Amino acid sequence: NTIDQTSIIYSVGVGSEITFDLSLIARYGVTVHAFDPTPRSIAWIEKQALPDKFMFHSIGVADYDGEALFHPPQNPTFVSYSLVSEKIIKSGSDTVSAPVHAPVYRLSSIMEQLRHPKIDLLKLDIEGAEYSVIEDLLDQSLPVNQILIEFHHRFSSIGVGKTREAIHLLNEAGYRIFHVSDLGEEYSFLKSS
């Protein structure tokens, strides 16, 4: 199944990196639905000159509908907040932002709201929340053809065992790995028909 201008693309966890999203729009003429509820990402997006086919939604994705507490990055120059709280070590005059509350929705709820019967390509870079989102997506047998995931097993509170378990669940559901980054954190899966 190839990508064309009718494909439904979800890019979850924008941060301040949309190179991939913009290249999909330029190459295939697709509309990309991008999601990120965190303040630094929203502020960054507002300053960008974006094509009409880049649709930004200031909501997060989780395994439930409601509100979630997003923890700031340990490094105050970084953009990516996380649902996973890592220990924050303050040194000297470094000030760490407070956590923020933001709306989150299940993928199924978002698909329903946007009237999307399927997702052709789902990109997840959600700082440790990917494990519960994958389980929820699989539990509901959502029609997602291709999944690109950045796993965050480097977080001390997660570990590589959770990534192995997630890959096993994806394999059991018919997803096959077609690419792994050199760092071993970004995995690309394709649903076998």
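Student: Which strand does strand 1 pair with, in which sense, and over how many bridges?

Tutor: Strand 1 pairs with strand 2 (residues 31–35) in the parallel sense, over five bridges. This is a predicted model, in which local features need pLDDT of at least 70 and side-chain atom pairs count only at pLDDT 80 or more, while totals for chains, interfaces and linings use all residues. Residues are numbered from 1 along each chain as its sequence is written, and side-chain values use heavy atoms, with hydrogens and water left out.

Within this pair (pairing takes at least two DSSP bridges), Ile9 stands opposite Val32 of strand 2. Strand 1 covers residues 8–12, and five of its five residues are buried (under 20% relative accessible area with a 1.4 Å probe, protein chains only; over 50% is exposed, and partly exposed lies in between). Ile8, Tyr10 and Val12 point one way, and Ile9 and Ser11 point the other way, with all of them buried. Across the protein chain of 193 residues, buried residues make up 47%.

The chain has five helices and ten strands (DSSP runs numbered from the N terminus: H or I of at least four residues for helices, E of at least two for strands). Three of the strands form an open sheet in the order 4-6-5, with mixed pairing. Strand 4 (60–61) and strand 5 (66–70) are its edges; each has a single partner strand, so one side of each lacks a neighbour in the sheet. Strand 4 pairs with strand 6 (residues 100–105) in the parallel sense over two bridges, and Val61 has Tyr105 in strand 6 as its bridge partner. Helix 3 (residues 107–114) packs on this sheet and touches strand 4 and strand 6.

Leaving aside residues up to four places away in sequence, Ser188 touches Ile147, Leu148, Arg176, Ile177, Phe178 and His179 (heavy atoms within 4.5 Å). Phe178 is ten residues from Ser188 in sequence, with 5.7 Å between their C-alpha atoms.

Ser188 also lines the second largest pocket, along with residues including Lys123, Asp125, Leu148, His179 and Tyr187. Strand 7 (119–124), strand 8 (144–150) and strand 10 (186–191) each give two or more residues to this lining. The pocket holds about 180 Å³ of space, and its lining has four nonpolar, three polar and four charged residues.

There is one cavity of 30 Å³ or more. On a 1 Å grid over the protein atoms alone, a cavity is a set of points where a 1.4 Å probe fits but cannot get out, a pocket is an open set with protein on both sides within 12 Å along at least five of seven lines, and lining residues have an atom within 4 Å of a point. Points join across faces, edges and corners, and volume is the space filled by probe spheres set on them.

About 40 Å³ of space lies in the largest cavity, which is lined by Tyr131, Ile134, Glu135, Lys162, Glu165, Ala166 and Leu169. The cavity lining has four nonpolar, no polar and three charged residues (Ala, Val, Leu, Ile, Met, Phe, Trp, Tyr, Cys and Pro are nonpolar; Asp, Glu, Lys and Arg are charged; the others, Gly among them, are polar).

Terms used: Axes fitted to C-alpha atoms, helices over the stretch in contact; angles between N-to-C directions.
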